[in-house]
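Trainee: I have not worked with this structure before. Could you take me through it in short questions and answers?

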Amino acid sequence: MIDFLFFKSPSLLIRKDNSFAQKAKELLFNLFYMYLLLFVATIVLKLVDYYVQNQFNFSFYETIFNKQKMKLSNSSIFRILFIVPLLEELIFRLPLSLKKMHMPFISLLFVIFLIHKPSDVYNFRLLIKLILIILLLGSLIYKFFDQQILVIISTKFYPYYFYTFCISFGLMHLLNFYRSVPVSLIVIAPLFVVPQIITGYFISYIRLRNGFFWGLVFHCICNMLAVYLFDS
């Protein structure tokens with residue numbers, strides 16, 4: 001994994017051996033490494049939460065846990081395990097390949113993701129309208145998008161590009177609980193999405209190494225284990 005911290009181009013990470021067994025093995029190993037790192041991060045964050053609770057009578061972990069329990073009770077398992085991971089992979093991991101054809105679709109999907117309501121996913125008419133808008137505006141963006149921009153990013157700035165998506169993926173999870181955080185503690189709140197940043201890093205690594213499908217599988221497994229922990 002250390003080579004991933006210093007890579008300069010996404011092409012350096014693409015696996016040459018495309019066998020299913022090797023990809024599955026790498027996925028399992030990375031799951032192990034990820035949860036080992038998450039275990040260490042959790043210990044540190046528990047200590048921070050203990051201090052905050054003693055000083056300010058507020059627990060980040062208790063708040064996050066209650067919010068997640070409520071979210072689970074208000075959402076279908078299918079949506080949590082498959083729909084949400086697919087949307088998040090399309091937004092945060094598909095662009096990592098830096099293909100011109102992906103960029104307009106991703107940019108529009110990201111805007112929709114920010115403004116949509118959960119019930120919109122099941123609104124068939126609205127969904128059709130959104131697809132038409134994506135196709136129309138996406139084709140226009142594609143026509144005028146400069147491919148040279150992607151070449152510059154992939155050759156000179158790719159690590160920054162990559163880690164921007166990892167951090168953004170983590171910070172997005174602040175939306176799950178930040179409204180319940182006292183104003184005086186908002187500055188500390190980003191610490192408690194470090195686990196999601198770590199998770200995003202490993203999903204992104206698998207996505208680049210083995211392809212989009214394997215990143216999605218990795219994400220679905222993470223959500224499945226999270227549902228088990230919060231529902232147990």
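Mentor: Start with a definition: a charge sits over a ring if NZ of Lys or CZ of Arg is within 6 Å of the ring centre and within 35 degrees of the ring normal. Keep in mind that this is a predicted model.

Trainee: Over the ring of which residue does the charged end of Lys 46 sit?

Mentor: The cut-off on distance is 6 Å from the ring centre. The charged end of Lys 46 is 4.4 Å from the centre of the ring in question. That ring also belongs to a cluster linked by ring pairs, together with Phe 58, Phe 60 and Phe 192. The residue is Tyr 61.

Trainee: What is the pattern of the protein chain, read along the sequence?

Mentor: The protein chain has eight helices and zero strands. Of its 232 residues, 41% count as buried. Read along the sequence, the pattern is α-α-α-α-α-α-α-α.

Trainee: How far apart are the end C-alpha atoms of helix 1?

Mentor: Helix 1 covers residues 20-56. Its 37 residues, at 1.5 Å a residue, should span 54 Å, and the distance in the model agrees with that. The end C-alpha atoms are 51 Å apart.

Trainee: Are the rings of Phe 29 and Tyr 33 stacked or edge-to-face?

Mentor: The structure holds 15 aromatic pairs by the rule used here. For Phe 29 and Tyr 33, the ring centres are 6.4 Å apart and the planes stand at 25 degrees. Planes under 30 degrees apart count as stacked, and over 60 as edge-to-face. The pair is therefore stacked.

Trainee: At what angle are the ring planes of Tyr 158 and Tyr 161?

Mentor: Both residues lie in helix 6 (residues 147-172), three residues apart. Tyr 158 and Tyr 161 are both buried. Their ring centres are 5.7 Å apart, and the pair is tilted because its planes are at 40 degrees.

Trainee: Which residues form a nonpolar patch on the surface?

Mentor: Leu 47, one of them, lies in helix 1. Leu 47 is exposed, with a relative accessible area of 58%. Together the patch residues have about 480 Å² of accessible area. They are Phe 39, Val 40, Ile 43, Val 44 and Leu 47.

Trainee: With which residue does Glu 26 form a salt bridge?

Mentor: Side chains of opposite charge can pair when their charged atoms come close. A search of the whole structure finds two salt bridges, and in the one with Glu 26 the closest N and O atoms are 3.2 Å apart. The pair links distant parts of the chain, Glu 26 in helix 1 and its partner in helix 7 (residues 194-210), 183 residues apart. The partner is Arg 209.

Trainee: Are Glu 26 and Arg 209 buried or exposed?

Mentor: Buried means under 20% relative accessible area. Glu 26 has 11%, and Arg 209 has 18%. Glu 26 counts as buried, and Arg 209 is buried.

Trainee: Over the face of which residue does Arg 93 lie?

Mentor: The side chain of Arg 93 meets that of Glu 89 in a salt bridge (2.8 Å, N to O). Glu 89 is buried at 0% relative accessibility, and Arg 93 is buried with a relative accessible area of 0%. Arg 93 is also 4.3 Å from a ring centre, lying over the face of Phe 169.

Trainee: What is the phi of Asn 57?

Mentor: Most residues other than glycine have a negative phi. Asn 57 is not a glycine, yet its phi is positive. This residue follows helix 1 and lies in the loop between helix 1 and helix 2 (60-74). The phi of Asn 57 is about 55 degrees.

Trainee: Is Leu 98 buried or exposed?

Mentor: Leu 98 has a positive phi of about 55 degrees although it is not a glycine. It lies in the loop between helix 3 (77-92) and helix 4 (103-115). With a relative accessible area of 8%, Leu 98 is buried.

Terms used: Residues are numbered from 1 along each chain as its sequence is written. This is a predicted model: local features need pLDDT of at least 70, side-chain atom pairs count only at pLDDT 80 or more; totals for chains, interfaces and linings use all residues. Side-chain values use heavy atoms; hydrogens and water are left out. Rings of Phe, Tyr and Trp (its six-membered ring) pair if their centres lie within 6.5 Å; planes under 30 degrees apart count as stacked, over 60 as edge-to-face and the rest as tilted. Helices (H or I, at least four residues) and strands (E, at least two) are DSSP runs, numbered from the N terminus. Buried means under 20% relative accessible area, exposed over 50%, partly exposed in between (1.4 Å probe, protein chains only). The expected span of a helix is 1.5 Å times one less than its number of residues. Patches are made of residues with over 30% relative accessible area and no salt bridge: like charges are joined within 9 Å, nonpolar side chains (Val, Leu, Ile, Met, Phe, Trp, Tyr) within 5 Å. Accessible areas come from the Shrake-Rupley method with a 1.4 Å probe; for residues, only the protein chains shown count as cover. A salt bridge is a side-chain nitrogen of Lys or Arg within 4 Å of a carboxyl oxygen of Asp or Glu.
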